[in-house]
Every structure is written in structure tokens, then in C-alpha cells.
Amino acid sequence: MAVNITPAHGPPQMQIDENVKAKIKTVMASRYDMATESLNLSYFYEDPVFHKEGWSMGLWRVNVINAVIELIISNTPNLRSLDLSRNKIRDMQMWAKLGGKIPLQRLNLSDNQIPRAHALEGLKALKELRDLDLTRNLLRDEYKDMPLYVESIRKRLGQLTRLDGVDLPKKIGFDAPVKTSLPTPLRIFVPNEELRGPLEKFVKDFFFCYDGGRQDLLHAYSDDAQFSLEYLRSPDRCVIFNLTFLPAGLEKNSA
């Protein structure tokens with residue numbers, strides 16, 4: 001008995017001409033609900049119209065995705081809900097073209113082949129997206145528990161309020177507005193203009209003495225003035241040094 005093995009090839013690449021695009025538009029129109037502004041493209045490649053023509057219209061093909069996106073933007077500018085479930089989709093980068101074009105709020109990607117959260121980067125362009133369904137995708141197996149999974153998705157799509165049919169808890173953050181500019185810097189600030197002269201003179205004299213002969217600063221302290229310094233010498237012992245300034249400028253150390 002002889003066994004002949006022939007390598008299998010995928011369906012032939014479709015050429016999207018005007019005739020094919022018209023058929024795609026017809027199929028999409030039959031799946032669009034104007035009342036709810038929703039488009040159901042679930043199992044798109046299995047549509048009877050495509051089967052009748054013998055066409056392979058998988059939403060994993062670049063030219064098919066481009067044609068569908070173009071038709072969505074030009075014919076359903078108010079689209080709010082899109083169902084792309086069961087289409088063998090592995091990456092959403094190309095769908096970023098919908099960003100800023102339609103007010104999409106809900107996206108169903110369940111029962112696809114999305115392998116990891118990184119494949120969802122393209123969805124960042126959909127600023128109004130609030131509800132995302134990723135159930136029964138490969139990426140869910142990457143995480144040991146639900147909190148880690150949710151955190152990973154929200155890290156990329158922080159605007160989501162619902163994931164896999166479950167309402168998400170409100171994100172904890174600060175309500176204070178973020179300042180976009182710093183106040184104009186001032187050379188000096190005093191609460192009372194009458195104090196400006198004495199304060200400026202004190203600061204200048206202090207730094208003149210500090211940068212020069214510091215012995216002159218002794219006159220600014222009383223005879224009993226003390227300076228305490230605390231530092232950690234070892235993890236289990238803290239030593240405090242008290243430095244006492246004497247009239248003659250000598251310092252007495254005591255531990």
C-alpha cells in the first residue's frame with residue numbers, strides 16, 4: 001500500500017474588487033441593526049452568501065479586514081456595538097483604524113484565538129469603548145486568577161467599565177486636577193514688603209559669613225546654644241551627638 005502525502009494549503013487569497021466589496025456590503029447590511037446601532041459580524045466567514053460564491057472571507061485576512069473597516073466607517077458612522085465573535089481573530093492591531101471614526105462602546109471578541117493581552121494594543125484607539133467580551137480566548141490561560149487578568153486588561157484599556165459580562169469596580173484614583181503648568185517663579189517672596197530690606201540683609205550677611213570665616217556666626221548664637229545631630233551607626237544602635245558652642249568658638253562633644 002502506498003500513501004501519498006500532499007501539503008495542505010489554505011484557501012486562495014481573495015482579490016477584493018468592487019463586485020466582491022458590494023457583496024460584503026450586502027452581508028454587513030443584513031447584519032446591521034439600526035435601532036440599536038449594532039453590527040453582528042459573528043462567524044462572518046461562514047455567511048451563506050460567501051459560501052454560495054465559494055469565497056473565503058475570514059476576518060484574519062488583511063484585505064478582508066481593510067474592506068470591512070472601510071465599509072463600517074463609510075456606512076455606519078454611529079456604530080456603538082460590534083460583534084466579532086467566532087472569527088479566528090488573533091490580533092486587533094488593524095482595528096485601530098476605527099479609532100476616532102465611530103463611537104464604539106461595546107465589542108464582543110469572544111470565541112476567538114487572541115493569544116495574549118498584548119494583541120489588544122490596537123483597541124487603545126477606541127477611546128469610548130466601555131464593554132469588552134474576551135471569554136473563551138487563549139489569553140485567559142495566561143493568568144492564574146481573575147484579578148491578575150482584569151488588571152492586565154485594564155492596564156491597557158483603563159476606560160473599560162465591563163469585562164467578560166461582569167461590571168468592573170471603579171478604579172481608585174485622585175480627583176484633583178492635574179496641573180499642566182508651574183506658577184511663575186519669584187526671586188524672593190515676603191509676606192510684608194516692610195520686611196524685605198531686613199530679611200534680604202540678614203540672608204546676605206549670613207551666607208557671607210558662612211562662605212567666609214564661620215567664626216563670625218558665633219555672634220548669632222547665645223552662650224548656651226546647642227546643636228543636635230542624630231545618625232544611625234548600625235542597624236541596632238543609634239548614637240546622638242550634642243555639639244555645644246562655647247564663647248571661644250570651641251565645641252564640646254558628648255555622646
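**Close-up views of a predicted model**

The structure holds 6 aromatic pairs (ring centres of Phe, Tyr or Trp, its six-membered ring, within 6.5 Å; planes under 30 degrees apart are stacked, over 60 edge-to-face, the rest tilted). This is a predicted model, where local features need pLDDT of at least 70, side-chain atom pairs count only at pLDDT 80 or more, and totals for chains, interfaces and linings use all residues. Residues are numbered from 1 along each chain as its sequence is written, and side-chain values use heavy atoms, without hydrogens and water.

**View A. Tyr43 and Tyr45 form an edge-to-face pair.** Their centres are 5.6 Å apart, with 80° between the planes. Tyr43 is partly exposed at 35% relative accessibility. Tyr45 is buried at 14% (buried is under 20%, exposed over 50%, partly exposed in between; 1.4 Å probe, protein chains only). Tyr43, Tyr45 and Trp60 form one aromatic cluster.

**View B. Tyr143 and Tyr149 form a tilted pair.** The ring centres lie 5.8 Å apart and the planes meet at 55°. Tyr143 is buried at 17% relative accessibility. Tyr149 is buried at 0%. Arg140 lies over the face of Tyr149, 4.8 Å from the ring centre (the rule: NZ of Lys or CZ of Arg within 6 Å of the centre and within 35 degrees of the ring normal).

View C. Ser56 is buried, with a relative accessible area of 14%.
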